[in-house]
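Please find below a short note on the contact between the two chains. The points follow the structure.

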Amino acid sequence: MAERSFAKEVQKLKQGEGETFTGEGILAITKALLENGVGYVGGYQGSPISHLMDVLADAQEILGELGVHFEASASEATATAMLAASVHYPIRGAVTYKSVVGTNVASDALSNLASGGVTGGALIIVGEDYGEGSSIMQERTYAFAMKSQVWMLDPRPNLPSIVDAVGKGFEMSEISNTPVMLQVGIRSCHVHGHFTASDNKRPAMTVTDALENPKRKLDRIVLPPATYIHEAEKLTKRKPAAEKFIVDQGINERFGNPAGKVGLIVQGGTYNTVIRALNRLDLADIYGDTDIDMLVLNCVYPLVDQQILDFCDGKDAVLIVEEGHPNYIEQQIAHMLYKQGKAVKLEGKGMLPMGGEYTGQVMVDGLGAFFAEHAADLLPVAKVATNEEPVEIPDLSQTLPARPPGFCTGCPERPIFAATKLVEEDLGEHHISSDIGCHLFSIMPPFDLGATTMGYGLGPASAAAFHNENKGGRRSISFVGDGGFWHNGLTSSVGNAVFNKSDNVIVIVDNFYSAATGGQDILSSRAENKTKQTQNSIVTAVKGMGVKWVRQIDRTYDVTKVRDTLKEALTTEEEGPKVIVASSECMLNKQRRVKPEMAKAAKDGKRVVRPRFGVDEDVCTGDHACMRLSGCPSLSVKDTGDPLRDDPVAAIDQTCVGCGNCGEVADAAVLCPSFYQAEIVSNPSESEKRRASRSRRIISWLQTRRDAKRIAFA
Amino acid sequence: MNMHSKPIVARRSPGPDGEKIITLAALAVGGQGGGVLTNWIVAVAEANGYRAQSTSVAGVAQRTGATIYYVEMCRDTGRMPVFALSPAIGDVDIMIASELMEGGRAIMRGFVTPGRTTMIASTHRIPAVSEKVAPGDGRANGPEVIEAMGIAADHVVAFDMETIAKKAGSVISSSLLGGLAGSGALPFPKESYEEVIRASGRGVEASLRAFNAAYDVAQGKTEAPVLEEAPKAPVPVLHVPEKLKKKWAALEARLTALPTEVQEMAGLGLKKVVDYQDVAYGAQYLDMVDKAVALDEAPYNLSINAAKYCARALCYDDIPRVADIKTRATRYERVKGEVVVKDDQVLMLTEYFHPRFEEFATTLPRGLGRWVQKRKGFEAWYEKRFDKGRRIRTDSVPGFLSLWVMSSLRPIRRRLLRHESEMAHVDAWFATALEVAKTDRKLAAEVLANYRLIKGYSDTHARGLSKFAKVMGALDMLKGRDDAADWMRRLRTAALDDVKGEKLDGALDTVRSFAA
């Protein structure tokens, strides 16, 4: 695992009956899995569920004691396929990944799993990365639940509710022989809170037990005629069982006064935002006590018709609070009411925005509008009209610079794109296909490289159509990270390019980790990993796929070399895909590893060299060409304070890690001689010191000699 | 978007027990330790018998984007309040911004509300990429944001917390916490904050120093540190050898003959020029300034620009110049300070050079330089053998010597090919300026200022020259207009705004349109 320890979190997983667990939502889920006798856990890292994977990866000891098998799956499809262990055996299994992207990858396995159904509880924890700051497209996982007939929990966003949902999810899955999705929003995953822990449970049957006593039931396997039976089962057995469970266990909660003339039906995940909106409208207090009748759907699929109809019974109007588009829940409820010929006014999208995140203000406005129209008497007068003089606040939109995320200080991917920029200055612009991962930041300033991103490991695949009829014509360049390469890229991108005799250029950005998701190890990671086989060569894999033209670059900071290699790839006569594997360790993880090591070595009196870069401000002319090829956080502008100069000069601050990009770019692009590399040697050897002071003496003699003959700044 | 004209202005209502929820949001640039800060705040709240909940949308592992952290807290009455998971427009009690523009962003997003929000902001700048890449000065307007804070917030605590943290050897999260504690926006005693910092275990002493320093400033007990934005460069001192003192005195005497308005700039320029070449060069410089003064009158803006830009024009960056700077004793000391070298440590210095054929040829004496420039074969050979990056260790004698030899070309600089071309360019430009000055002093001053466009090395330098030529090309179209100077300035600004020169072309088209 990354150069990071989760020992603290692992300790929390050990907590027993009655102890108070304190931590983030996603860690609470991890603990809940163990408390519910899970037999195996898999998944693919990604925000916001990476933490679950990271912690379990470090928790081998506990998992071993409990007989729980954990593995970091190769992809979300692998993870979901792993749940096959719960098909014939009464073993509880859980997998986790980022949705909706992960669910997309998983959907093949998901359909098959859902068709045959499960014996042991199968829980899929999907981390929703929806709304502000999301790194992915805004789609709903709900559609997968509907099409595959798997159930979906969306608990209220507080630790006790989330933890409870894990246990209920397993039970529901077993009772209805159906996989269950537990949906948690990014904020619920990162929410800091408490819950009362219980002891971890050893699974009744471990995967080892299962291996020792194999079982199979033909009617669980997805092949006609079983498939048709499964289809019927879904509707006649499993769904009714799930609905009964929802009602019996009171999965969905009712708040407020049942006699209310208006009511709200809300997804569990939006409960807190709804309550806050009610509170701001004077309709609920800070503890959530309210007279407004509310049905909180902690299980959003399936919906229990009778429960919904009962709730709506005798009401004038009901508002559905459903985040995201399309409004599947609202449609189902409208359908129920219509078929029953109910007259209750159904509100939802329209009063609330069609799509997008339901933030605090959106909710206040939506609920405000609903009550104003259907229960104006409930709404305090003060709230309906502006009760404060709106203050005109200066519009800063023209002033504020955007601050999109970008490459870290010392990132080894920066020089790759600097080199690409230089190649384009030479050979003109090219069509560039990007991929998912840190390297996607190439699309941002200052590089502005990359036209599309089609999915994890699909960068080169998304250049497949670009076949140039004229030999020696322009080729496309596509990027894929080491993470994406192993996830999907090896076959879907590289294999496809080989098979179809693509002439395009593929750059595999190898930074030794799945960096964007927090630095997890992958097949080609260079780190020793007790539980994984790392150090598998990308180059060998690519050659194995049949690529003839492969170049390995072991130091991406060598901008000149990267530039020349890329140039060669774009111009060589050689046929077939040209693959460049550009390798240097993710600086974020490298620093985590190296910094403490260096500090210790220096303390122990060992010779340690700390590199750093700097700018001679009298040489820098303030044209900032270097920054147009860098965007490094530690390379910035500063005023000289010299009245003779107008423009700020380049400056490198203390956060510089001395990666060398500045100097290399200045050299490769022939920018300027302003940059210098300083190497500070702690605990230098005696001879080294002597040599240094001798040189100093000679040098200062030369300097004094020169200064004696001229006027110069002192 | 200005949300304060929204129909519903909804404040939170208290519990039956009158308890209130306090909402706090922190907008930070990734990597500034916003997570640490929120954990501290939650700990402080819980230590004071409050229930607290924090959330963040950390986004991906990258550390350069804007990240938002959110905390809600309420006195523990035995019942769990329903805390919201994200800040809402018009519903934030305390807004912490770890950088000036992020403070502005918080305002723009409606998280800072008059009569409600206490704004705690560090006023230092972390320029965004878009601000850094402009060929000129692309930095955003800070004062405008500080002004907006005054209008938008109920109470503002804004000062440079980054500098405070640095001085204390800590990071900004500590000084932000100090600012928060000092603002008194939270009902918690100072001691409980300090306790939490001590409990955190890492770098406690430094954190406490930063915390307390910021606390005192927030309390108004001590002055805020001056912003690093505008450093005042110390007036440079010249080292004048005995036998040159007389000549130098003569030059200084000429300075006093100049109008007082011009003297400061001319003084700086003179020192720069003499430091660059020699006393005679200084005299040549003063001649130019005199010419401008002769055509000028108070407030002498023309002459001041002449003093400023002639100095820069005369001190062009050639190989001897760069070698000179890199081999100075003062430079070595400066670097030592910059990269922090202790006495028991050894400093190794590597310079990055990439002299192309052009630089090589123009650093030769005129005749020889022209001769090699004509030898294409020789050029090809040079490019094959020498046109590559050179790493020169200036802390070692051999490396230092190689540069020192280069720098010792200074006395014969006037005979080098580069000097000829530079002077031809300078003379033409200066003559034009003086010519214009006869009819339009304002415009002439702008013509002089256009030299700002010429900077950088190799290709960048070439691009600068072509932009300069483009802008100067508009001169004839502008002459005679009473807004000529203004337009000349606009053209220059356009040229400095973007690299591709699209803005400049646009501006030029406009000029042509009304010239035609």
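1. Chain A and chain B bury about 12600 Å² between them, and carbon and sulfur atoms give 57% of this area. Buried area is the accessible area (1.4 Å probe) that two parts lose on being put together, summed over both. Of the area that chain A buries against chain B, Tyr287(A), Arg403(A) and Ile711(A) supply 8%, more than any other three residues.

2. The model is predicted: local features need pLDDT of at least 70 and side-chain atom pairs count only at pLDDT 80 or more, whereas totals for chains, interfaces and linings use all residues. Residues are numbered from 1 along each chain as its sequence is written, chains are lettered from A in the order in which they are written, and side-chain values use heavy atoms, with hydrogens and water left out.

3. Chain A brings 130 residues to the contact and chain B brings 160 residues, where contact means heavy atoms within 4.5 Å.

4. The rule finds 17 salt bridges across the interface of chain A and chain B; each requires a side-chain nitrogen of Lys or Arg within 4 Å of a carboxyl oxygen of Asp or Glu. One of them joins the side chains of Asp647(A) and Lys455(B), at 2.5 Å from N to O.

5. Strand S24 (residues 675-682) of chain A pairs with strand S8 (residues 346-353) of chain B in the antiparallel sense, over six bridges. Strands are DSSP runs (E, at least two residues), numbered from the N terminus, and two of them pair if DSSP finds at least two bridges between them. Val681(A) stands opposite Val346(B) in S8(B).

Notes:
Helix = DSSP H or I, 4+ residues; strand = E, 2+ residues; numbered from the N terminus.
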